[in-house]
Amino acid sequence: MDSLLFGTTAAATTASAAVQRTHHHHQPILDRDYDVLFKVLLIGDSAVGKTSIVDRYTDPRSWNPSYISTIGVDFKIRSFDVDGKRIKLQIWDTAGQERFRSITTSYYRGGHGILMIYDQTDPKSARNLDQVWLPELQHHCRPGTEMVVIGNKADLRSEHPASAAVTDEIVSRFMGKLKTQDKIGADDHVISTSAKLGENVDEAFLQLVKQMMKTHHIRAQEMERQQEEKKLRIKSSRLVGGYGTSACASSWAAMCPSFCTLM
Ligand SMILES: Nc1nc2c(ncn2[C@@H]2O[C@H](COP(=O)(O)OP(=O)(O)OP(=O)(O)O)[C@@H](O)[C@H]2O)c(=O)[nH]1
Ligand SMILES: [Mg+2]
(Lines give C-alpha, C1' and ligand atoms only; values in the text may rest on other atoms or scores of the structure.)
(Ligands and ions follow the chains in the order given, each with its own letter.)
Protein backbone atom coordinates (compact mmCIF):
# COMPACT_ATOMS: atom_id res chain seq x y z
CA MET A 1 0.00 0.00 0.00
CA ASP A 2 2.78 2.33 0.99
CA SER A 3 4.80 1.61 -2.06
CA LEU A 4 1.75 2.03 -4.25
CA LEU A 5 1.09 5.43 -2.71
CA PHE A 6 4.69 6.36 -3.05
CA GLY A 7 4.67 5.17 -6.61
CA THR A 8 1.59 7.24 -7.40
CA THR A 9 3.10 10.33 -5.84
CA ALA A 10 6.31 9.84 -7.70
CA ALA A 11 4.45 9.37 -10.95
CA ALA A 12 2.37 12.45 -10.24
CA THR A 13 5.50 14.50 -9.49
CA THR A 14 7.15 13.37 -12.66
CA ALA A 15 4.03 14.11 -14.64
CA SER A 16 3.71 17.59 -13.17
CA ALA A 17 7.40 18.20 -13.78
CA ALA A 18 6.83 17.20 -17.38
CA VAL A 19 3.86 19.55 -17.57
CA GLN A 20 5.94 22.31 -16.07
CA ARG A 21 8.74 21.65 -18.51
CA THR A 22 6.37 21.71 -21.43
CA HIS A 23 4.76 24.83 -20.08
CA HIS A 24 8.12 26.44 -19.54
CA HIS A 25 9.15 25.48 -23.03
CA HIS A 26 6.15 27.26 -24.54
CA GLN A 27 6.20 30.27 -22.28
CA PRO A 28 8.36 32.64 -24.31
CA ILE A 29 5.95 32.25 -27.23
CA LEU A 30 2.84 32.85 -25.09
CA ASP A 31 4.42 35.78 -23.29
CA ARG A 32 5.74 37.61 -26.32
CA ASP A 33 4.35 41.09 -26.67
CA TYR A 34 3.75 41.19 -30.44
CA ASP A 35 2.15 39.31 -33.33
CA VAL A 36 4.55 40.54 -35.95
CA LEU A 37 8.11 41.79 -35.59
CA PHE A 38 9.58 43.93 -38.35
CA LYS A 39 13.18 45.04 -38.55
CA VAL A 40 13.54 48.43 -40.17
CA LEU A 41 16.78 50.11 -41.26
CA LEU A 42 17.39 53.80 -41.93
CA ILE A 43 20.11 54.53 -44.48
CA GLY A 44 21.35 57.65 -46.23
CA ASP A 45 24.15 60.23 -46.20
CA SER A 46 25.54 61.63 -43.00
CA ALA A 47 23.49 64.54 -41.56
CA VAL A 48 20.36 64.01 -43.68
CA GLY A 49 18.41 63.54 -40.43
CA LYS A 50 18.09 59.76 -39.88
CA THR A 51 18.57 59.95 -36.13
CA SER A 52 16.26 62.97 -35.88
CA ILE A 53 13.53 61.04 -37.73
CA VAL A 54 13.87 57.98 -35.49
CA ASP A 55 13.90 60.15 -32.37
CA ARG A 56 10.75 61.97 -33.50
CA TYR A 57 9.05 58.68 -34.26
CA THR A 58 9.89 56.95 -31.00
CA ASP A 59 9.47 60.06 -28.83
CA PRO A 60 7.19 62.66 -30.48
CA ARG A 61 8.45 65.52 -28.32
CA SER A 62 12.10 65.04 -29.11
CA TRP A 63 13.98 67.51 -31.30
CA ASN A 64 17.70 68.21 -31.12
CA PRO A 65 19.00 71.03 -33.34
CA SER A 66 22.64 70.10 -32.77
CA TYR A 67 24.27 67.43 -34.88
CA ILE A 68 25.65 64.38 -33.08
CA SER A 69 26.88 61.92 -35.68
CA THR A 70 25.79 58.32 -35.07
CA ILE A 71 28.61 55.90 -34.30
CA GLY A 72 27.96 52.56 -36.00
CA VAL A 73 24.31 51.67 -35.40
CA ASP A 74 21.68 52.78 -32.87
CA PHE A 75 18.60 50.81 -31.97
CA LYS A 76 15.05 51.86 -30.99
CA ILE A 77 11.68 50.13 -30.58
CA ARG A 78 8.10 51.19 -31.23
CA SER A 79 4.97 49.04 -30.97
CA PHE A 80 1.42 49.73 -32.17
CA ASP A 81 -1.68 47.96 -33.49
CA VAL A 82 -2.73 47.53 -37.12
CA ASP A 83 -5.90 45.56 -37.99
CA GLY A 84 -6.00 44.10 -34.47
CA LYS A 85 -2.43 42.83 -34.76
CA ARG A 86 0.31 43.96 -32.41
CA ILE A 87 3.19 45.18 -34.57
CA LYS A 88 6.63 45.69 -33.10
CA LEU A 89 9.21 47.68 -35.02
CA GLN A 90 12.87 47.18 -34.31
CA ILE A 91 14.46 50.28 -35.76
CA TRP A 92 18.13 50.29 -36.70
CA ASP A 93 19.48 53.81 -37.18
CA THR A 94 22.74 53.46 -39.12
CA ALA A 95 25.62 55.92 -39.37
CA GLY A 96 25.93 57.68 -42.72
CA GLN A 97 29.66 58.22 -42.39
CA GLU A 98 31.68 56.05 -44.70
CA ARG A 99 34.09 54.82 -42.03
CA PHE A 100 31.25 52.86 -40.39
CA ARG A 101 30.11 51.24 -43.63
CA SER A 102 31.37 47.72 -42.84
CA ILE A 103 29.48 47.73 -39.52
CA THR A 104 26.26 49.18 -40.89
CA THR A 105 26.02 46.89 -43.93
CA SER A 106 26.15 43.84 -41.66
CA TYR A 107 22.67 44.86 -40.45
CA TYR A 108 21.06 44.94 -43.90
CA ARG A 109 20.49 41.22 -44.16
CA GLY A 110 18.11 40.97 -41.22
CA GLY A 111 15.99 43.91 -42.37
CA HIS A 112 12.41 43.58 -43.59
CA GLY A 113 12.16 47.24 -44.60
CA ILE A 114 14.42 50.14 -45.50
CA LEU A 115 13.89 53.86 -45.16
CA MET A 116 16.22 55.54 -47.65
CA ILE A 117 16.71 59.16 -46.69
CA TYR A 118 18.09 62.28 -48.37
CA ASP A 119 18.09 65.98 -47.52
CA GLN A 120 15.77 68.01 -49.81
CA THR A 121 18.26 70.88 -49.86
CA ASP A 122 21.41 68.79 -50.44
CA PRO A 123 21.83 67.56 -54.05
CA LYS A 124 24.78 65.37 -53.09
CA SER A 125 22.66 63.38 -50.62
CA ALA A 126 20.17 62.78 -53.46
CA ARG A 127 22.86 61.78 -55.95
CA ASN A 128 24.19 59.28 -53.42
CA LEU A 129 20.83 57.47 -53.30
CA ASP A 130 21.77 56.09 -56.68
CA GLN A 131 25.54 56.04 -56.33
CA VAL A 132 25.96 54.73 -52.79
CA TRP A 133 22.75 53.56 -51.11
CA LEU A 134 20.98 51.63 -53.85
CA PRO A 135 24.12 49.58 -54.65
CA GLU A 136 24.63 48.90 -50.92
CA LEU A 137 21.04 47.77 -50.64
CA GLN A 138 21.24 45.54 -53.70
CA HIS A 139 24.42 44.02 -52.41
CA HIS A 140 23.43 43.37 -48.79
CA CYS A 141 19.61 43.17 -48.49
CA ARG A 142 17.53 40.06 -48.88
CA PRO A 143 15.36 40.04 -52.01
CA GLY A 144 11.86 41.22 -51.22
CA THR A 145 13.00 43.83 -48.69
CA GLU A 146 10.51 46.70 -48.76
CA MET A 147 11.69 50.25 -49.34
CA VAL A 148 10.41 53.80 -48.87
CA VAL A 149 12.28 56.95 -49.98
CA ILE A 150 12.14 59.94 -47.65
CA GLY A 151 13.08 63.53 -48.48
CA ASN A 152 13.80 65.17 -45.12
CA LYS A 153 14.29 68.82 -44.06
CA ALA A 154 11.21 70.04 -45.98
CA ASP A 155 11.24 73.08 -43.68
CA LEU A 156 14.53 74.29 -45.21
CA ARG A 157 13.29 74.41 -48.81
CA SER A 158 12.20 78.05 -48.73
CA GLU A 159 15.64 79.10 -47.49
CA HIS A 160 17.44 77.20 -50.28
CA PRO A 161 15.08 77.17 -53.29
CA ALA A 162 17.84 76.68 -55.89
CA SER A 163 19.42 73.62 -54.30
CA ALA A 164 15.94 72.26 -53.53
CA ALA A 165 15.08 72.44 -57.25
CA VAL A 166 18.32 70.68 -58.25
CA THR A 167 17.68 67.99 -55.61
CA ASP A 168 14.09 67.45 -56.82
CA GLU A 169 15.36 66.89 -60.34
CA ILE A 170 17.91 64.27 -59.25
CA VAL A 171 15.37 62.46 -57.09
CA SER A 172 12.68 62.32 -59.74
CA ARG A 173 15.16 60.66 -62.10
CA PHE A 174 16.09 58.22 -59.36
CA MET A 175 12.46 57.36 -58.60
CA GLY A 176 11.86 56.80 -62.32
CA LYS A 177 14.74 54.35 -62.37
CA LEU A 178 13.40 52.48 -59.30
CA LYS A 179 10.00 52.14 -60.94
CA THR A 180 11.34 50.79 -64.21
CA GLN A 181 13.39 48.27 -62.24
CA ASP A 182 10.33 47.31 -60.13
CA LYS A 183 12.15 48.24 -56.92
CA ILE A 184 9.10 50.27 -55.89
CA GLY A 185 5.45 50.26 -56.93
CA ALA A 186 4.19 52.42 -59.79
CA ASP A 187 2.25 54.62 -57.33
CA ASP A 188 5.03 54.93 -54.78
CA HIS A 189 6.45 58.39 -54.30
CA VAL A 190 8.91 60.21 -52.09
CA ILE A 191 7.57 61.05 -48.66
CA SER A 192 8.47 64.59 -47.69
CA THR A 193 9.25 64.95 -43.97
CA SER A 194 10.49 67.51 -41.52
CA ALA A 195 11.94 65.97 -38.40
CA LYS A 196 12.29 69.49 -37.06
CA LEU A 197 8.56 70.23 -37.32
CA GLY A 198 7.52 66.61 -36.80
CA GLU A 199 5.79 66.55 -40.19
CA ASN A 200 4.97 63.29 -41.99
CA VAL A 201 7.35 61.21 -39.87
CA ASP A 202 4.63 58.83 -38.65
CA GLU A 203 3.22 58.62 -42.18
CA ALA A 204 6.60 57.56 -43.59
CA PHE A 205 6.90 54.67 -41.13
CA LEU A 206 3.27 53.71 -41.66
CA GLN A 207 3.78 53.54 -45.42
CA LEU A 208 6.69 51.13 -44.92
CA VAL A 209 4.69 49.05 -42.42
CA LYS A 210 1.83 48.74 -44.94
CA GLN A 211 4.24 47.49 -47.58
CA MET A 212 5.87 45.05 -45.17
CA MET A 213 2.45 43.80 -44.02
CA LYS A 214 1.55 42.93 -47.61
CA THR A 215 4.72 40.89 -48.03
CA HIS A 216 4.18 39.36 -44.60
CA HIS A 217 0.62 38.42 -45.46
CA ILE A 218 1.75 36.71 -48.64
CA ARG A 219 4.46 34.88 -46.70
CA ALA A 220 1.97 33.82 -44.02
CA GLN A 221 -0.36 32.37 -46.65
CA GLU A 222 2.54 30.55 -48.26
CA MET A 223 3.51 29.10 -44.87
CA GLU A 224 -0.03 27.87 -44.26
CA ARG A 225 -0.09 26.22 -47.66
CA GLN A 226 3.26 24.53 -47.04
CA GLN A 227 2.13 23.41 -43.60
CA GLU A 228 -0.97 21.80 -45.11
CA GLU A 229 1.20 20.06 -47.68
CA LYS A 230 3.50 18.88 -44.93
CA LYS A 231 0.58 17.39 -42.98
CA LEU A 232 -0.55 15.54 -46.09
CA ARG A 233 2.97 14.28 -46.68
CA ILE A 234 3.24 13.02 -43.10
CA LYS A 235 -0.12 11.29 -43.43
CA SER A 236 0.93 9.58 -46.64
CA SER A 237 4.36 8.75 -45.22
CA ARG A 238 2.61 6.90 -42.38
CA LEU A 239 0.82 4.86 -44.99
CA VAL A 240 3.85 4.08 -47.12
CA GLY A 241 6.49 4.40 -44.38
CA GLY A 242 8.55 6.94 -46.35
CA TYR A 243 9.57 10.58 -45.61
CA GLY A 244 11.11 11.69 -42.31
CA THR A 245 9.28 14.59 -40.68
CA SER A 246 12.46 16.35 -39.67
CA ALA A 247 13.66 16.43 -43.26
CA CYS A 248 10.39 18.09 -44.24
CA ALA A 249 10.65 20.57 -41.41
CA SER A 250 14.19 21.59 -42.23
CA SER A 251 13.58 22.02 -45.94
CA TRP A 252 10.56 24.06 -45.00
CA ALA A 253 12.72 26.31 -42.80
CA ALA A 254 15.25 26.66 -45.59
CA MET A 255 12.56 27.79 -48.01
CA CYS A 256 11.34 30.50 -45.69
CA PRO A 257 14.28 31.51 -43.51
CA SER A 258 12.89 34.84 -42.37
CA PHE A 259 9.60 33.51 -41.10
CA CYS A 260 10.81 32.68 -37.60
CA THR A 261 11.39 36.37 -37.01
CA LEU A 262 7.98 37.31 -38.40
CA MET A 263 5.80 35.00 -36.38
N1 LIG B 1 15.96 72.13 -40.40
C2 LIG B 1 15.99 70.80 -40.20
N3 LIG B 1 17.08 70.24 -39.63
C4 LIG B 1 17.08 68.90 -39.45
C5 LIG B 1 15.98 68.07 -39.80
N6 LIG B 1 16.27 66.81 -39.48
C7 LIG B 1 17.51 66.82 -38.93
N8 LIG B 1 18.00 68.08 -38.90
C9 LIG B 1 19.31 68.50 -38.38
O10 LIG B 1 20.32 67.95 -39.22
C11 LIG B 1 21.46 67.57 -38.45
C12 LIG B 1 21.77 66.10 -38.68
O13 LIG B 1 20.73 65.29 -38.19
P14 LIG B 1 20.94 63.77 -37.73
O15 LIG B 1 19.59 63.26 -37.44
O16 LIG B 1 21.94 63.68 -36.67
O17 LIG B 1 21.55 63.16 -39.08
P18 LIG B 1 21.94 61.62 -39.38
O19 LIG B 1 21.40 61.33 -40.73
O20 LIG B 1 21.51 60.76 -38.27
O21 LIG B 1 23.54 61.69 -39.48
P22 LIG B 1 24.59 60.47 -39.22
O23 LIG B 1 24.28 59.87 -37.91
O24 LIG B 1 25.97 61.10 -39.26
O25 LIG B 1 24.44 59.53 -40.36
C26 LIG B 1 21.13 67.88 -37.00
O27 LIG B 1 21.67 69.14 -36.69
C28 LIG B 1 19.61 67.94 -36.99
O29 LIG B 1 19.12 68.79 -36.00
C30 LIG B 1 14.84 68.72 -40.40
O31 LIG B 1 13.83 68.11 -40.76
N32 LIG B 1 14.90 70.09 -40.56
MG1 LIG C 1 22.52 59.58 -36.98
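A residue counts as buried if 20 or more other C-beta atoms lie within 10 Å of its own. Keep that in mind as you go through these close-ups of a predicted model.

**View 1. Helix H2 is mostly covered.** Eight of the nine residues in H2 are buried. Which ones are they? The buried residues of H2 are Lys50, Thr51, Ser52, Ile53, Val54, Asp55, Arg56 and Tyr57. H2 covers residues 50-58, and it also gives the largest share of the shell around ligand 1, namely three residues.

**View 2. Ligand 1 sits among 23 residues.** The closest of these are Gly49, Thr51, Thr70, Gly96 and Lys196. What kinds of residues make up this shell? By class, there are seven nonpolar, twelve polar and four charged residues around ligand 1. Thr51 is a handy one to find, as Thr51 is among the closest residues to the ligand and is also one of the buried residues of H2.

**View 3. Ala47 has a positive phi.** Phi of Ala47 is near 75 degrees, and Ala47 is not a glycine. You'll find Ala47 in the loop between strand E1 (36-44) and H2. Is Ala47 buried or partly exposed? Ala47 is partly exposed, because there are 16 other C-beta atoms within 10 Å, while a buried residue needs 20 or more. Leaving aside neighbours within four places in sequence, Ala47 is in contact with Tyr67 and Gly96. Ala47 and Tyr67 are 20 residues apart in sequence, yet their C-alpha atoms are 7.3 Å apart in space.

**View 4. Asp182 has a positive phi too, in another loop.** Here phi is near 60 degrees, in a residue other than glycine. Asp182 is in the loop between helix H5 (161-180) and strand E6 (191-192). Why is Asp182 called exposed? Asp182 has 8 other C-beta atoms within 10 Å, and a residue is exposed if that count is 12 or fewer.

**View 5. Six strands make one open sheet.** What order do the strands come in? Going across the sheet, the order is E2-E3-E1-E4-E5-E6, with mixed pairing. E2 and E6 stand at the edges with a single partner strand each, so one side of each has no neighbour in the sheet. As background, strands of a sheet pair through backbone hydrogen bonds, either parallel or antiparallel.

**View 6. Strand E3 pairs with E1 and with E2.** E3 (residues 85-94) runs parallel to E1, and seven bridges join the two. With E2 (residues 73-82), E3 runs antiparallel, and ten bridges join that pair. Look for Leu89 in E3: Leu89 is the bridge partner of Phe38, and Leu89 is also the bridge partner of Arg78. E2 and E3 form a hairpin with two residues between them, and Asp83 in the turn has a positive phi of about 50 degrees.

**View 7. E4 and E5 run parallel.** How many bridges join E4 and E5? The two strands pair over seven bridges, and E5 covers residues 146-152. To spot one of the pairs, find Ile117, whose bridge partner in E5 is Ile150.

**View 8. Helix H4 has a kink.** H4 (residues 123-140) has 18 residues and reaches 25 Å from its first C-alpha to its last, close to the expected 26 Å. Where is the kink? The kink is centred on Leu129 and comes to about 50 degrees. Leu129 is one of the buried residues of H4, along with Pro123, Ser125, Ala126, Asn128, Trp133 and Leu137. E1, E4 (113-119) and H5 are among the elements that cover these buried residues.

**View 9. Stepping back to the whole protein.** In total there are eight helices and six strands, and along the sequence they follow the pattern α-β-α-β-β-α-β-α-β-α-β-α-α-α. Of the 263 residues, 29% are buried. Of the contacts with a separation of 6 or more, 74% are between residues 24 or more positions apart.

Key:
Residues are numbered from 1 along each chain as its sequence is written. Chains are lettered from A and ligands numbered from 1 in the order in which they are written. This is a predicted model: local features need pLDDT of at least 70, side-chain atom pairs count only at pLDDT 80 or more; totals for chains, interfaces and linings use all residues. A residue is near a molecule or strand if its C-beta atom, placed from the backbone, lies within 6 Å of it. Helices (H or I, at least four residues) and strands (E, at least two) are DSSP runs, numbered from the N terminus. Ala, Val, Leu, Ile, Met, Phe, Trp, Tyr, Cys and Pro count as nonpolar, Asp, Glu, Lys and Arg as charged, and the others, Gly among them, as polar. Two residues are in contact if their C-beta atoms, placed from the backbone, lie within 7 Å. The expected span of a helix is 1.5 Å times one less than its number of residues. The bend at a residue is the angle between axes fitted to the seven residues ending there and the seven starting there. Two strands pair if DSSP finds at least two bridges between them.
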